[in-house]
Amino acid sequence: MSVDLAASLKEKIHAWVFYMVYKFCDNPLMVKYTIRFYREPDLFTDEVRERYFAVCLSLDSLCMEAIASGQAKTQDLMLMQMILLSTVIRLFDHCDGHADPFDPEAYAECVRLCVDAVMK
């Protein structure tokens, strides 16, 4: 399900996190670039930085909306994002960016649990 088609805020957050898992499973080299960008953003062009922050901003806005509407189980934006992205971070730990493609469906339950952990 895409974020745009999701009905509830909880479904939108789930779709966003699962989309990130899917993208990393689909393109393992993206993990290496994302980690490198996170550590050294000055090495990348302004266009790359804008795209990266646009992705993060969309999660920020979804999480802030959940907090503001009382749908989040925590008021701590950073904690909420850490829990939601734990599945993606796990992919970082296991993906070497070469062979062995990951199946995004293997992470579906983990994504659901992460979303359930932060949303009412």
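View 1. Q81 sits in helix α4 of what is a predicted model. With a relative accessibility of 14%, Q81 falls under the 20% cut-off and therefore counts as buried. Its side chain still finds a polar partner: the side chain of D60, at 2.2 Å. Leaving aside residues up to four places away in sequence, Q81 touches L59, D60 and C63.

View 2. Helix α4 covers residues 77-84, and its buried residues are M80, Q81 and L84. Looking down the axis of α4, those buried residues fall within an arc of 95°, so they line one face of the helix. The general rule behind this sort of pattern is simple: an α-helix has 3.6 residues a turn, so residues three or four places apart point the same way. What sits on the other side of α4? There you'll find M78 and M82, both exposed.

**View 3. A cap on α4.** Zoom in on the N-terminal end of α4 and you'll see D76 capping it. A side-chain oxygen of D76 lies 3.1 Å from the backbone nitrogen of M78. That M78 is one of the exposed residues from the previous view.

**View 4. Where α4 meets α6.** Helix α6 takes in residues 108-118, and it packs with α4 at an angle of about 160°, the axes being 8 Å apart. Anything over 145 degrees counts as roughly antiparallel, so that is how α4 and α6 run relative to each other. Their crossing is right-handed. On the α4 side, the residues making contact are M80, I83 and L84; on the α6 side, they meet C114, V115, A117 and V118.

**View 5. The buried side of α6.** Which residues of α6 are buried? They are V111, C114, V115 and V118. Around the axis they cover an arc of only 95°, which puts them on the same side of α6. Look for C114, V115 and V118 among the residues that meet α4, too.

**View 6. Stepping back to the whole protein.** As for who touches whom, take the contacts between residues at least 6 apart in sequence: 65% of them join residues at least 24 apart.

Terms used. Residues are numbered from 1 along each chain as its sequence is written. This is a predicted model: local features need pLDDT of at least 70, side-chain atom pairs count only at pLDDT 80 or more; totals for chains, interfaces and linings use all residues. Side-chain values use heavy atoms; hydrogens and water are left out. Buried means under 20% relative accessible area, exposed over 50%, partly exposed in between (1.4 Å probe, protein chains only). Helices (H or I, at least four residues) and strands (E, at least two) are DSSP runs, numbered from the N terminus. The arc is that of the directions from the helix axis to the C-beta atoms. A polar contact is a pair of N or O atoms within 3.5 Å; within protein, one must be able to donate a hydrogen and the other to accept it, and residues adjacent in sequence count only if both atoms are side-chain atoms. Axes are lines fitted to C-alpha atoms, for helices over the stretch in contact, and angles run from 0 to 180 degrees between N-to-C directions. Angles under 35 degrees count as roughly parallel, over 145 as roughly antiparallel, 65 to 115 as roughly perpendicular and the rest as oblique. A crossing is left-handed if the near helix is turned anticlockwise from the far one by less than a right angle, and right-handed if clockwise. Contact means heavy atoms within 4.5 Å.
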